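I opened this notebook to keep track of what I looked up, one topic at a time. The sequence and the structure come before the entries.

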Amino acid sequence: MLTIKSACWICLLPVWHTSVGICYWCEQKLRLDKPRCLNCALPSESVCNSCSQCQKTPSLWHGILTAADYLPPLSKLLHQFKFSSQTILAPTLSRLILLNYLRYRRDYQWPKPDCFLAVPLHPKRLRQRGFNQSELLAQPLARWLSCRYWPNAIRCTKVTVNQHTLDKAGRQSNLEQVYEATADLRGYHIALVDDVVTTGATAKAIAYQLQQRQVASIQIWCLCRTL
């Protein structure tokens with residue numbers, strides 16, 4: 001009998017390897033190759049290094065790499081992973097990010113990072129959820145690419161209001177003095193992994209702290225980019 005572990009998480013058709021999780025046809029529907037601005041990862045008519053909006057506001061990072069937009073069915077899988085403790089989905093979701101990295105590296109000379117960091121949760125939130133979803137995405141990426149994964153290099157110093165409940169201005173102010181870099185990251189090319197990038201407020205707050213540690217470069221890697 002077919003079990004969910006040997007079926008596509010989206011359409012439930014069989015997959016050859018349980019670690020793949022999503023079949024070829026469903027991967028095509030996710031539009032992993034959608035043209036985007038390489039700096040902010042928002043969709044564009046063609047791939048560009050910096051869209052008109054990014055040219056107006058210089059960023060603190062080299063670019064943002066995302067698997068797909070925050071839309072069904074990927075948004076539903078992420079919700080199951082994050083809020084229903086379906087941590088078995090972590091390798092499947094990380095693989096979608098990896099596929100786009102390999103494409104970006106081949107087509108746009110996207111540099112390989114030295115080290116992976118995960119957006120941290122406050123210890124109270126971590127105890128409530130039982131896991132850090134960004135950490136579960138980052139660990140297999142580091143392993144597959146033979147890079148260092150550096151846990152606890154960044155810490156969250158205070159509990160904040162959930163970002164998804166706030167507008168853009170609220171998200172930015174909500175993260176003031178929240179993150180702290182605690183490791184000697186000088187000279188490292190960093191990939192910072194998050195599950196979703198919305199306004200980029202979290203990425204900006206952490207990237208600022210990383211710059212204070214004199215890192216060589218910063219990339220933001222995420223599963224979904226909101227529109």
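**Ground rules.** I am working with a predicted model, in which local features need pLDDT of at least 70 and side-chain atom pairs count only at pLDDT 80 or more, while totals for chains, interfaces and linings use all residues. I number residues from 1 along each chain as its sequence is written, and side-chain values use heavy atoms, with hydrogens and water left out.

**Cysteines.** I looked for disulfides, taking one to be a pair of cysteine sulfur atoms within 2.5 Å, and the count came to 0. For accessibility I used relative accessible area with a 1.4 Å probe and protein chains only, calling a residue buried under 20%, exposed over 50% and partly exposed in between. Cys-40 counts as buried at 8%, and Cys-51 counts as buried at 18%.

**Cys-26.** I found Cys-26 in helix H1, residues 24-29; helices here are DSSP runs of H or I with at least four residues, strands are runs of E with at least two, and both are numbered from the N terminus. Cys-26 is buried, with a relative accessibility of 4%. Counting contact as heavy atoms within 4.5 Å, and leaving aside neighbours within four places in sequence, I list Cys-8, Ile-10 and Cys-11 as touching Cys-26. Glu-45 lies 19 residues from Cys-26 along the chain, and their C-alpha atoms are separated by 23 Å.

**Cores.** I next looked up nonpolar cores, each a set of buried Ala, Val, Leu, Ile, Met, Phe, Trp, Tyr and Cys residues joined through side-chain atoms within 4.5 Å. The largest has 40 residues, and those with the most contacts inside it are Leu-74, Leu-93, Leu-96, Phe-116, Trp-221 and Leu-223. Elements giving two or more residues to this core include helix H3 (74-83), helix H4 (90-108), strand S2 (115-118) and strand S7 (217-225). H4 gives the largest share, 7 residues. A second, separate core has 26 residues, among them Ala-153, Ala-183, Ala-205 and Ile-206. I also checked Trp-221, whose contacts, not counting residues up to four places away in sequence, include Leu-65, Tyr-101, Phe-116 and Ala-191.

**Strand S2.** Which way do the residues of S2 point? Cys-115 and Leu-117 point one way, Phe-116 and Ala-118 point the other way, and all are buried. For pairing I required that DSSP find at least two bridges between two strands. S2 runs parallel to strand S3 (residues 148-149), with 2 bridges, and parallel to S6, with 4 bridges. Phe-116 has Tyr-149 as its bridge partner in S3 and Ala-191 as its bridge partner in S6.

**Glu-180.** My last entry concerns Glu-180, which sits in strand S5, residues 179-181, and is partly exposed at 31%. Ala-153 is 27 residues away in sequence, yet the C-alpha atoms of the pair are 8.5 Å apart. Beyond four places in sequence, Glu-180 touches Ala-153, Ile-154, Arg-155, Thr-157 and Gln-209. Its side chain also makes a polar contact of 2.8 Å with that of Arg-155, where the term means a pair of N or O atoms within 3.5 Å; within protein, one must be able to donate a hydrogen and the other to accept it, and residues adjacent in sequence count only if both atoms are side-chain atoms.
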